[in-house]
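Reader: I would like to understand the words used for structures like this one. Could you take me through a few of them?

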Amino acid sequence: MSPPSNNLKHIPIYAQAEEAYSVGNIRALLAEIAARLEKLASGGETGMIDLNSLPLAPGEYEQLRQTLGQGEVSSRIEAIGATEIIETRYPGVWWVTHYNVEGDIVADMIEITTTPEILKSQPEDIRTGLELLRAQLNDEVQQ
Amino acid sequence: MNQQELLDFVRGTGLQIAAAVFVLGMVYRMLHLMLLGRKKNLAAPRGTEWGPGLRTMWHRSIPSVGLTSRGYFIVISGYIFHLGFLITLLFLSQHIDLFRSVFGFGWPALSPGLITITAILTIAAMIALLVHRYTDPVKRLISDYQDYLTWTLTFLPLLTGIMLKQGIALGYQQMLIVHIITLELLMIATPFTKLVHMFTTFSARWYNGAISGFKGIKV
Amino acid sequence: MNEHETLGERLEQQGISRRAFLKFCTAMASMMALPPSAATAIAEALIKAKRPSVIWLSFQECTGCTESLTRSHSPTLESLIFDMISLDYHHTLQAASGHGAEKSREDAMQNFFGKYLLVVDGSIPLNDGGVYSTIAGRTNLDLLEEAAKGAAAIIAVGTCAAFGGIPNAKPNPTGAVAVSDIIKDKPIINISGCPPIPAVITGVLAHYLTFGELPELDELGRPKSFYGETIHDRCYRRPFYDQGKFAKSFDDEGARNGWCLFELGCKGPTTHNACATTKWNGGTSFPIESGHGCLGCSEPHFWDAGSFYTPLSAPTANLETIAAGAAVVGAGIAVALSAADRAKKRRTQQAHEKLTVKEL
C-alpha cells in the first residue's frame, strides 16, 4: 500500500457526464415551446419563456441549446453589455440572452415571435439619432 | 410566534416535552403493572416461564386459523393497519434520520414510493375499520369516546405525513409543523389511553404464556 | 433642494439608449418573477418615475449586505438601479465624513420629509441604553426612530435588520432586535438573507418605482415574488428527494452524483428565498449546486435552529438526557405508588378481623 499523500495530483478527478444530471425539464420545455409556436402559427400570438425562473439542472441548459440548435439568423446588440439573439433551428423560436458588461447573464429568454422586440429600433432612439443626424447636416452646411 | 419559531419549538422543546411525557408515562405504567404485588405461586413449577412466554408473544402476533372464523375483514385490515403503520414509521428515510440522531444508529430505508403505497393502504384500512366500528351494532355499543380519540390520534400523523410527502395543501414548513405536532400529541396521549397497548399487549402475551409454562402446559 | 429629475431624463443625460434600458427592464421583470411581457410596462413606468431620495442606515452589522449589493462594477445593468434612486446617505459608501456626512442625512430628512425611502441594514441593540452601537455619538435606536418619522417606507436589508439575525442569536448580549420590533407605524419590507440576493433589493426598488407601492408581502414582511417559494420547491435536486436518493456524507457516491442533501441538514424545504433560480455570483451557482445544503439564512433565528447539519426531520434539542430523567421519575412514581398500594393492602389485611364462630 502506498503511503497517503496530500499532493492534490493524487486525488482523482472524475468528469461528470452531463446526461447524469438531467431531471426531465427539457421535454417539458420543448412541449411548451411547441404549444406556443402552434399559437404563433395560427393566430400570431407571441410568447416568452423566462429561462432564469426555471430550476434547470446543470447540463440541462446546454442540452436545451443543443436541441434547439442554431438557425438562419444570429445577431448581437451592444448596449451596456452584449445581447445575443439567435433564431433556433425552428423558425419563430428565438433565443435571446442578455449579458452585462462583465459577461454574466442577466436575462435569458426563449421568445416565440417573428422578430424579438429588442432587435427593433426604439422610437426614442430613432428620434435621438435623427437629432444627431440633423445636427451633423447643419454642421456640414455651415462648413 | 412566527412559523420558523414554531418549527424550532416543535423540533426542540416541544419534542422534549412529548418525549419526557411518553417515557415517564410508559415507564410508570409498565413498572406499576409489574409491581402490582401478585402473590407468590407456591406450587412446584412444572415447566419454565421464559420460553413459553416468548413463544406466546410470537404466536399471538401472527394470524391463526381461529381468528378468521368470523370473516377475513377485521383480520386483514387490522394487520394491514398495524404493519403498515410500523413500516411507515420505521422505514421512511426521514424517520430513520430522526432515530439515527436519537439512538446514534440507523438502518436502510425503503424507497419513498413503497412507503407512499404502504401509507395509503394503512390509511384505507384505518378508515375501513372506523366505518366498521361505527356501523356494526355490537362494535358501536362497546366503543366509547376513547376509541374514537385514539383512532384520530393515530390517523393524523399518517394523514399529515402523506400530505407533507406529496405536497398536498399548505407549504412544506407548515405541514412539517402540523405533522410533528400530531406525532407529539400521539406520544403524549399514548401512556394514558388505550394506546398503551403498544407495550402492554406484549407483556400480557408473555404473562399468559408464562402462566401456562409454569403449569407445564405446552404452548 | 429641488425634486430629483425623472429616471428618463437621467438616462438621457448619460446617453443610455432605450434599447439598453429595455434590456434592463427585461432583467428586472425576470428578477421580479413577472411575466416576461411585463418588461415594456415596467420601462414605461420607470422612465417617468421621479428618483426617490434614499437614506441608508447601517447598524449592528458586518457590511456583508452592502458588499453583496455593490459587488458589480460600473457601468453595468445592475448599476442602473443606483441611477433610479438618489442615495443621499450611506456612511460606508459616501465620500463625506464627520459632520458633513451627518448633515447630508439631516438635509435629506428635512427636504424629502414623508417621501424618502429608509434602508436599514443591521440589527438595533437595546440593552444598556443601546450603547453597543452608536454613530456620531448617537445610539442606533435614536437614529432609527428619528429617520423613520419622515420615511415613506422602510426597507430592512439582510436578516439582521429583518429578524435580528446573528447579533440576536442566543444569548444575544446586546439585546439586538429587528427594525419591525421598534417601528410599528410605517410600512416595512424585509429583504432577508445573510447576505440577501443583490437582485432582490434592485427588484424591490424597481417595483416601488414602477407601481408606486411596495410589492405584496408574506407574513414575515418579505416580498412574495422572491420569497414566495422555498429553495426546495425550485431546487434542481428535488427529483432526487422525491426518489429517496440522498447523499449521506459530503464525499460519498451520492454527493458525487449530485443527490439530495436533506440528510446532511439542508434547510431548503423550510427556507423561502430565490437562490435556486436567481443564483449567486452573476448566475454561477447557489449553495446546493456547490454541494452544500441550504443554511436557511433568510429565515428568522436560523442561527439558533439547531445544527446546520441536522436533518430537518431530526430533533434540534437533546432528547436522551430528558428521556433518561423522565424514565427515572416514571420509575420513582411507579415504585412509590406500588409501595403505597402494598402498604394499603397490608393495613387492610391487619384491620381485617377474622370472623369467629361465636360471632356467627
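Author: Gladly! Helices (H or I, at least four residues) and strands (E, at least two) are DSSP runs, numbered from the N terminus. In chain B, the elements run α-α-α-α-α-α-α-α-α-α from the N terminus on, with 10 helices and 0 strands. This is a predicted model, where local features need pLDDT of at least 70, side-chain atom pairs count only at pLDDT 80 or more, and totals for chains, interfaces and linings use all residues. Residues are numbered from 1 along each chain as its sequence is written, while chains are lettered from A and ligands numbered from 1 in the order in which they are written.

Reader: Why are helix 1 of chain A and helix 2 of chain A called oblique to each other?

Author: Angles under 35 degrees count as roughly parallel, over 145 as roughly antiparallel, 65 to 115 as roughly perpendicular and the rest as oblique. The axes, lines fitted to C-alpha atoms over the stretch in contact, with angles from 0 to 180 degrees between N-to-C directions, cross at roughly 40° and come within 10 Å. The two helices of chain A are therefore oblique.

Reader: Which residues of helix 1 of chain A meet helix 2 of chain A?

Author: A:Asn25, A:Ile26, A:Leu29 and A:Leu30 do, meeting A:Glu60, A:Gln63, A:Leu64 and A:Thr67. Contact needs C-beta atoms, placed from the backbone, within 7 Å.

How values were computed
Two residues are in contact if their C-beta atoms, placed from the backbone, lie within 7 Å.
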